[in-house]
Amino acid sequence: MTKVAVLDDYQNAFQQIVEVEKYKGKFDFKIFNEPFTDEKEAIFKLEDFEALFIMRERTPISKALIESLPKLKYIMTSGMRNNAIDLESTKKKNIIVCG
């Protein structure tokens, strides 16, 4: 089962858009409504996730964060682009990014 972290969903929009129960057997969703206090906390809480769904540009997806998430394979953002994502670092680690 793919572990998916949904970041910065402070309006609980994700569950209104995606029928989480429908994908229960394929994806294990964890929704983070509150921002992380710092990058260290983000690394600790996200280290086991393979995918990140980013609802806002609140959490910087920096080079240090990307390099500290060994299981990360996929990042999806709710817009067509997201300036909070270090795309050069994702490219170097072959992480798929889409909007």
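This is a predicted model: local features need pLDDT of at least 70, side-chain atom pairs count only at pLDDT 80 or more; totals for chains, interfaces and linings use all residues.
## Aromatic pairs

A pair of aromatic rings is described by the distance of the centres and the angle of the planes. A search of the whole structure finds eight such pairs. In one of them, the ring centres of Phe 29 and Phe 53 are 6.4 Å apart and the planes meet at 55°, so this pair is tilted. Phe 29 belongs to strand β2 (residues 27-32) and Phe 53 to strand β3 (residues 51-54), so the pair ties together parts that are 24 residues apart in sequence. Phe 29 counts as buried because its relative accessibility is 17%, under the limit of 20%. Phe 53 is also buried, with a relative accessible area of 13%.

A second example is formed by Phe 32 and Phe 49, whose ring centres are 6.1 Å apart; their planes stand at 75°, so the pair is edge-to-face. This pair links distant parts of the chain, 17 residues apart: Phe 32 lies in strand β2, and Phe 49 lies in the loop between α2 (39-46) and β3. Phe 32 is buried at 10% relative accessibility, and Phe 49 is buried at 6%.

## An aromatic cluster and charges over rings

Six residues form one aromatic cluster: Phe 14, Tyr 23, Phe 27, Phe 29, Phe 53 and Tyr 74. The tilted pair of Phe 29 and Phe 53 is therefore part of this cluster.

The charged end of Lys 30 sits over the ring of Phe 32, at 5.2 Å from its centre. Lys 3 lies over the face of Phe 49, 5.1 Å from the ring centre.

## Salt bridges

Side chains of opposite charge can pair when their charged atoms come close. The structure holds four salt bridges. One of them joins Glu 41 to Lys 45, with the closest N and O atoms 3.0 Å apart. Both residues lie in helix α2, four residues apart, which is about one turn of the helix. Lys 45 is partly exposed, at 39% relative accessibility.

Another salt bridge joins the side chains of Asp 48 and Lys 71, at 3.4 Å from N to O. Asp 48 is in the loop between α2 and β3, and Lys 71 is in the loop between α3 (63-67) and β4, so the pair ties together parts that are 23 residues apart in sequence. Asp 48 is partly exposed at 35%, as is Lys 71 at 41%. A further bridge, between Lys 73 and Glu 50, has an N to O distance of 3.5 Å. Lys 73 is exposed, with a relative accessible area of 52%.

## A buried charge without a salt bridge

Asp 8 lies in the loop between β1 (2-7) and α1 (14-17). Asp 8 is buried yet has no salt bridge. The nearest side chain of opposite charge, Arg 58, is 4.6 Å away, whereas a salt bridge requires a distance within 4 Å. Beyond its neighbours within four places in sequence, Asp 8 is in contact with residues including Phe 32, Met 55 and Arg 58.

## A buried loop residue

Ala 84 is placed in the loop between β4 (74-77) and α4 (87-92). Ala 84 counts as buried, at 16% relative accessibility. Leaving aside neighbours within four places in sequence, Ala 84 is in contact with Glu 57, Thr 59, Pro 60, Ile 61 and Ser 62.

Terms used. Residues are numbered from 1 along each chain as its sequence is written. Side-chain values use heavy atoms; hydrogens and water are left out. Rings of Phe, Tyr and Trp (its six-membered ring) pair if their centres lie within 6.5 Å; planes under 30 degrees apart count as stacked, over 60 as edge-to-face and the rest as tilted. Helices (H or I, at least four residues) and strands (E, at least two) are DSSP runs, numbered from the N terminus. Buried means under 20% relative accessible area, exposed over 50%, partly exposed in between (1.4 Å probe, protein chains only). A charge sits over a ring if NZ of Lys or CZ of Arg is within 6 Å of the ring centre and within 35 degrees of the ring normal. Lys and Arg count as positive and Asp and Glu as negative; His and the chain ends are not counted. Contact means heavy atoms within 4.5 Å.
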